[in-house]
Amino acid sequence: MVGSLNNHNVWEQIRRRRMKMIVTWLFLLLLFSLSEQDGQQTGVSRCGPQNLTVWGLGQTLLAEWEDDASCLALNDPITYNMTVLIENKEVYSDKVSVMPDDIGSTHSWNWTSYLPLECASHTFRLRSLVQNQMSQLEQEKTLPGQTGSGGERVFPQDAVFDVGSTATFCCVVPDGEKFDKMFLDGPTGRNMSTTKISEQRYALTLQLGASLLTGPRDPGVNVKCKTKQPSKGLYGSSFRVGYPPDVRDLWCETRDLESVECLWREGRGTMVELLSPTKYQLDGSKCDSKNKARCSKKLKVEVGEKNWTLTAWNRLGKVEIQDTADLTKRVHMLAPHELTVADVNARTAKLSWRWTVKRYDNLSLTCQTNITDTEGHFPQIEHGVGLKVAILTDLRPNWEYQVKVRCRAAEHFWKWGTWSKTVTLRTLGDVPDPLDVWMEEKGNQTLIVWKRPLDHQSHGEIMQYQVTWARTSDSNRLNKTNVPPSAHRHALRLDTGEQYVIKVMAKNKNGSSSPSAITLPVISPDKTSMKVSRLIGSEGGFNLSWSGRPEASCGYIVDWVPANRTEPVDWRKLPPSQTSVRIESKNFKDGLRYQLSIYACTQTSALLLERMEGYVTETRIKDNLFTSLKYKQQGSHVEISWDPVSLREQSAFIHGYVLYWWETSGQNFSVTTNNPEDTSLTAKNLQTGSYTFKVAARTDVGECGNTTLIATLNFQSDSFIMIFIFSLCAVSALLLIITILCYHHWTCIKQKLYPEIPKPEMPDWFASPVKRVPPYLQTDLSHNAEEHTDIPQLHYKSGEPLNNNTQDSTGLISPQTPHSYQNQPAEKYWASPALNSSGPNVPSQSLFANPTYNPMMTGEDCTPSSDPKLQMRNGYQPQSLDEFFRLCQMDQDPVSFVSGYIMPPQPS
């Protein structure tokens, strides 16, 4: 047992010695190898970066460093490996190669972080690699970011971003507060998300669309960070979204042949001018920011083309544009200097100026003079080498002008130069221009009218007008009158059977105008009026056209005047080649009818071709047009009438009228007429009641001029009145006819109704001393006051027969005669006008009645034809035929009388 342990220890010691020997030999071999490499490549392991500097700008990390001195002996490139860590997490790595020629210079590098540098710590680590051997030297720098005790809390501040880009904002929560949320104040970006960087730092990432664009002068968009501390917890920053510069269409030129001036056009606005104004350079020379879209540079202008480069940039980007030009062919001249006016006459003037650029004196120039007055402007062109003078022609007398000049190179036209300052001139006066004369017939007068000369036609103040006229048959007998300058018409009462020539002249202080003549035609007494056609206006005027006439040697005249003659006539003269015209006037009024006439201007007098009437624009006629509206009832018909509508009240053509009528709660009825001359319409078959009648005029703008009338109809009373009036008229007419017939046949009627009564002849024996009067006989029986018959006195003796009549006469005497009746003497008897007292004989077969003497006469038979009864005055009434006597007169027998009725006269 002891022997085995000793052997074991011996072998362990031997193994350890061998191990030590192996390690020793290996170490010696390593040292030998390293010493060989140092001899072959001196200093490779020591070549690397030094003097590293790191700083931040916005979200950009910038770094600068130098090469170690040991690197200068290398002939191979050096590769630098760069690593960026955010919050100790690697987020980016890159490599940069430095060529042998650049070894020993300062190197720079930059990188833009997705986070503002204040939002987190950013570490930049740099190592070199030479011949695939990593350098033993390593450089590292860290930007720590904003702490919770700093000032600003939301980053970045006042940043600008390109439209469509993605931006990240961070919030550094102050110490002692807790984060709540981040958001945009106002418009909202797309794809917004909030992430946690650390306990005190949070980030908001969003995509910036066009909705976040703001105006150049408006405040930007605000990012807000809210904490859970109510008193303090709201922080923020603003930013803008925009575009890089957009410059286009560069062109370069020379103005003084000693410099170049380039201009361009600005395209889309950057929208970030306040935070990042655009800067410009022309071929590396800075441009003055005060000159918008313009940049100049001093140089010697020579023949030949050259390139010009414009660079524009802002924080969002940079752009370059170019132009190629031969400046000797692009001369844009400066303005003429010290423009003056001289030698001013009535129609001409002289302009002069000088040049501030001496080289212009040798250029072939074209100059344009712009002459302006109240009616417009017109150019005048001059040519010459080093031009400095221009003569103005065709000016108006006594007229004010504004004049300016510009020039250009005549050989190579690029563009007109700049205008000079404007000068004012007034020409001298002259005699007036000839007047524009026309005529107008008004009743039995001829009105000579002329247009008042405008300022450019009068050439000075008009002092008076002179009107002369004479017969064409006796032109030596001239009549003359002066018209004051305020008037522009003169009325003449001339013989219409003669032809006259009228001339009108205008006078000012410089003299008289040339006479303007017009010939008045002979007016025939039986001249018929020309048919007037209707004309429709359009767009504030009238369009006229007519057929050309060979006799219109001096053209045509179109005149117009309101149809009611409330305004003066106006006219327009046209050349012979023109047969259409549009008439417009500032004096035209809507709703006013105008009369337009077309005349042919001949060698003698004007010839009327056409006459028309129309409205510029027809308007609705005002209501209550028919002020004289009245009605007339004719049975069941009612006639509504009105006075003719005056032309002054017609604001549109009237094509007819319409009458409406209705009861209070009944159906409407109407009747129309297409004749504008009608003044009445009739409503038929109406019933008793109250009706409303409305009359309206029919025009192209509708029914207008509505006028209403209310009437109550009563046909019963009206019918009674009509019947009464008709009956009264019929009776009156009948009586009139009867009276006329009676008047024409009075003799016949008199003979038939009132024949003559024969006058009785009394014999001598027919007498009585007793004076007795029949009781019915009165002293004044006045059937007629104009004729009377003396009744002879009859004398009777008792017991004697009358007319030898032997018959007993007692039967002929009334026994009923009252005894107490006392007859009065009757001296006279008033007879009927029909009685004739010319003879005593009565024709045979005649029968007549007489109130006082009424015997019944018959023929031979002596038979009475009737049984007469007499109604007597004083109340006496015969009772029977026995009370009368019958008388039969045969041949020449004497007339018998009844003594009871006819008494002989009493002796006086």
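## Disulfides

A disulfide is a pair of cysteine sulfur atoms within 2.5 Å. In this predicted model, the count by that rule comes to seven.

Cys-367 and Cys-407 form one of them, with their sulfur atoms 1.9 Å apart. The link of Cys-367 and Cys-407 is right-handed, with 105° about the S-S bond. Cys-367 belongs to strand β25 (residues 364-373) and Cys-407 to strand β28 (residues 400-409), so the pair ties together parts 40 residues apart in sequence. Both Cys-367 and Cys-407 are buried.

The torsion about their S-S bond is about -75°, so the disulfide of Cys-119 and Cys-170 is left-handed. Cys-119 and Cys-170 are buried.

In the disulfide of Cys-287 and Cys-295, the sulfur atoms are 2.0 Å apart. Here the torsion is about -90°, so this link is left-handed. Cys-287 counts as buried because its relative accessibility is 9%; Cys-295 counts as buried at 3%.

## Nonpolar cores

The largest nonpolar core has 29 residues, of which Trp-65, Ile-78 and Phe-124 touch the most other members. Strand β3 (78-86) is among those that each supply at least two residues, and β3 gives the most, with five. Contacts of Ile-78 include Cys-47, Val-96 and Leu-129. Apart from this core lies another, of 27 residues, among them Val-467 and Ile-557.

## Lys-224

Lys-224 is found in strand β14 (residues 221-227). Its side chain makes a polar contact with the side chain of Asp-185 (3.3 Å). Lys-224 also touches other residues, including Phe-183 and Tyr-235.

Definitions and conventions:
Residues are numbered from 1 along each chain as its sequence is written. This is a predicted model: local features need pLDDT of at least 70, side-chain atom pairs count only at pLDDT 80 or more; totals for chains, interfaces and linings use all residues. Side-chain values use heavy atoms; hydrogens and water are left out. A nonpolar core is a set of buried Ala, Val, Leu, Ile, Met, Phe, Trp, Tyr and Cys residues joined through side-chain atoms within 4.5 Å. Buried means under 20% relative accessible area, exposed over 50%, partly exposed in between (1.4 Å probe, protein chains only). Helices (H or I, at least four residues) and strands (E, at least two) are DSSP runs, numbered from the N terminus. Contact means heavy atoms within 4.5 Å. A polar contact is a pair of N or O atoms within 3.5 Å; within protein, one must be able to donate a hydrogen and the other to accept it, and residues adjacent in sequence count only if both atoms are side-chain atoms. Lists of a residue's contacts leave out its neighbours within four places in sequence.
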